[in-house]
Amino acid sequence: MYKVSVYVTPKAGVVDPQGAVIERALPALGHSGAANIRVGRYITLEVQGTDPERVRADVDDMCRRLLANPIIEDYRFELELAAGEDA
Amino acid sequence: MPEVTQGPVRFGIVVFPGSNCDYDAVHALSTFPETDPYYLWHKDRDLKGAQCIVLPGGFSYGDYLRTGAIARFSPIMQEVAAFAAAGGLVIGICNGFQTLTEAHLLHGALRRNRGLRFICHPQYLRVERTDTPFTSRLEVGQVIQIPVNHNEGNWTAGAERLQEIEDGGLVAFRYCDADGRVTDTANPNGAVDNVAGIFSEGCNVLGMMPHPERVCEEMVGGTDGRAIFQSMIDHVLGG
């Protein structure tokens, strides 16, 4: 079994309203040097399987069809063998 | 439940868990003598003879993940997609619009409003074209007033796709001021090109953020929504 971390972020060029609001708020706290703030989503899941390539293909399909909206979001993910399991 | 009429034109209103404008849609449609509006449960696999489908507003599946992202996988959506592919009329209002984009029946996606505020107010819209089953009762450039009520109405599409949409005349309505001027000030949510609603390529699917079902009777403050439903009825009746 693999522990999977999925990172979903707004595509470059797509306006990110949450990032824009945070960017306007930070100077009020004295942080004037922060720019290009983008807000995304971090998803963790456990996926059954022993073949990392198959798990990768499986997770890619999940990302493409549900976890991210490829029209406005990019995604990437990392696999980690669950504790106590051999590679 | 509102009293419903029994006209010949069958409107199926899809109820997802979390829909909350489904009764409004049935009520609004019941004020047209030509319609027979009825509910369809999202788990149904049969549209029960629908001639028009309405995906209503609301918060299907609690807006989890993204608005409309889960509703898109409800069993009935396969039937709705097949119905649309065969030229059937489908209108998605607010959450229904979001669901149609997630289902790839319409272009683009809807993000959080610019400014992150939930907006709820009467809104002027400019009619972009009238040679469609949804807008034949309107005039090009006409300004209509239909309320908006949403948190994720900030429509966008990639630059290339946007050009195709504009070139293809797929924009149905744009946010504007009382005089029909399409300006940034008149844009309530930051949608690209002030897009408030778009058509599919065949113009038989319409998605729009404003709520026409809320302005179908004088007693609720307006009747500008009627032209959209009347256009659909005319189309089905061959008028």
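## Briefing: chains A and B and where they meet

Across the interface of chain A and chain B, the rule finds 1 salt bridge (a side-chain nitrogen of Lys or Arg within 4 Å of a carboxyl oxygen of Asp or Glu). This is a predicted model, in which local features need pLDDT of at least 70 and side-chain atom pairs count only at pLDDT 80 or more, while totals for chains, interfaces and linings use all residues. Residues are numbered from 1 along each chain as its sequence is written, chains are lettered from A in the order in which they are written, and side-chain values use heavy atoms, with hydrogens and water left out.

**The interface**

- The salt bridge joins B:Arg66 to A:Glu73, with the closest N and O atoms 3.8 Å apart.
- Chain A contributes 14 residues to the contact and chain B 18 residues (contact means heavy atoms within 4.5 Å).
- Between them the two chains bury about 1300 Å², 64% of it on carbon and sulfur atoms (the accessible area, with a 1.4 Å probe, that two parts lose on being put together, summed over both).
- A:Pro17, A:Leu66 and A:Ile71 supply 38% of the area that chain A buries against chain B, more than any other three residues.

**The sheet of chain A**

- In chain A, 3 strands form an open antiparallel sheet in the order S2-S1-S3 (strands are DSSP runs of E, at least two residues, and helices runs of H or I, at least four, numbered from the N terminus; two strands pair if DSSP finds at least two bridges between them).
- Strands S2 (41-47) and S3 (73-81) of chain A stand at the edges with a single partner strand each, so one side of each has no neighbour in the sheet.
- Strand S1 (residues 2-10) of chain A pairs with S2(A) over 7 bridges, and A:Lys3 has A:Glu46 as its bridge partner in S2(A).

**Nonpolar cores**

- The largest nonpolar core has 69 residues, and B:Phe11, B:Ile53, B:Ile91, B:Trp155, B:Phe173 and B:Leu206 touch the most other members (a core is a set of buried Ala, Val, Leu, Ile, Met, Phe, Trp, Tyr and Cys residues joined through side-chain atoms within 4.5 Å).
- Apart from it lies another core, of 13 residues, including A:Val4, A:Val59, A:Leu67 and A:Ala68.

- B:Tyr61, not a glycine, has a positive phi of about 55° and is partly exposed, at a relative accessible area of 26% (buried means under 20%, exposed over 50%, partly exposed in between, with a 1.4 Å probe and protein chains only).
- B:Asn194 has a positive phi near 60° and counts as buried at 6% relative accessibility.
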